[in-house]
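This report describes selected features of one structure. The sequence and the model are shown first, and the description follows.

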Amino acid sequence: MTDTRSTPELRDALLDAALIHVAFDGWSPATFDAACADANVDAALAQGVFPRRHVDLALAYHARGDADMVARLKREPMDALRFRDRIASAVRFRLEAVEDKEAVRRGTTLFALPQHAADGAKAIWGTCDLIWDTL
């Protein structure tokens with residue numbers, strides 16, 4: 001039977017399933033495989049959604065936090081604030097978007113590895129760009 005979920009639905013299902021395992025296995029191939037099993041997603045299909053498997057899964061978690069920050073920035077009245085206070089609020093909103101601190105710790109560990117450091121830096125600077133573009 002083929003999976004009829006859309007790509008965003010697959011991404012969310014895999015990410016939600018992975019978060020349970022991150023505290024124990026980090027953002028690792030084991031977490032990716034467990035997420036596939038828990039979300040009932042074929043591994044080949046999951047790799048089509050996350051080509052670099054656990055690395056792209058960790059980046060999706062970061063992107064989810066960014067999306068939460070942007071949504072909150074759009075909801076909050078910021079017009080009366082000075083620009084520096086808007087930036088400070090945006091950074092605070094991004095930090096508050098983190099529901100699972102262990103997933104962030106494990107992401108920091110993953111993106112501290114030399115082979116993934118560029119991905120981590122790109123994610124952080126992407127967050128900065130979102131803040132500037134949203135404000």
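At the start of helix α6, a side-chain oxygen of aspartate 100 comes to within 3.1 Å of the backbone nitrogen of glutamate 102. The model is predicted: local features need pLDDT of at least 70, side-chain atom pairs count only at pLDDT 80 or more, and totals for chains, interfaces and linings use all residues. Residues are numbered from 1 along each chain as its sequence is written, and side-chain values use heavy atoms, with hydrogens and water left out.

Helix α6 covers residues 101-112 and reaches 16 Å from its first C-alpha to its last, close to the 16 Å expected at 1.5 Å a residue. Helices are DSSP runs (H or I, at least four residues) numbered from the N terminus, and the expected span is 1.5 Å times one less than the number of residues.

| Group in α6 | Residues |
|---|---|
| Buried | Ala103, Gly107, Leu110, Phe111 |
| Exposed, on the face turned away from the buried side | Lys101, Thr108, Thr109, Ala112 |

Seen down the axis of α6, the buried residues fall within an arc of 85 degrees, so they line one face of the helix. Their cover includes α1 (7-25), α4 (54-75) and α7 (117-134).

Alanine 13 is found in helix α1 and is partly exposed, with a relative accessible area of 21%. Beyond its neighbours within four places in sequence, alanine 13 is in contact (heavy atoms within 4.5 Å) with Arg5 and Ala39.

Terms used: Helices (H or I, at least four residues) and strands (E, at least two) are DSSP runs, numbered from the N terminus. Buried means under 20% relative accessible area, exposed over 50%, partly exposed in between (1.4 Å probe, protein chains only). The arc is that of the directions from the helix axis to the C-beta atoms. A polar contact is a pair of N or O atoms within 3.5 Å; within protein, one must be able to donate a hydrogen and the other to accept it, and residues adjacent in sequence count only if both atoms are side-chain atoms.
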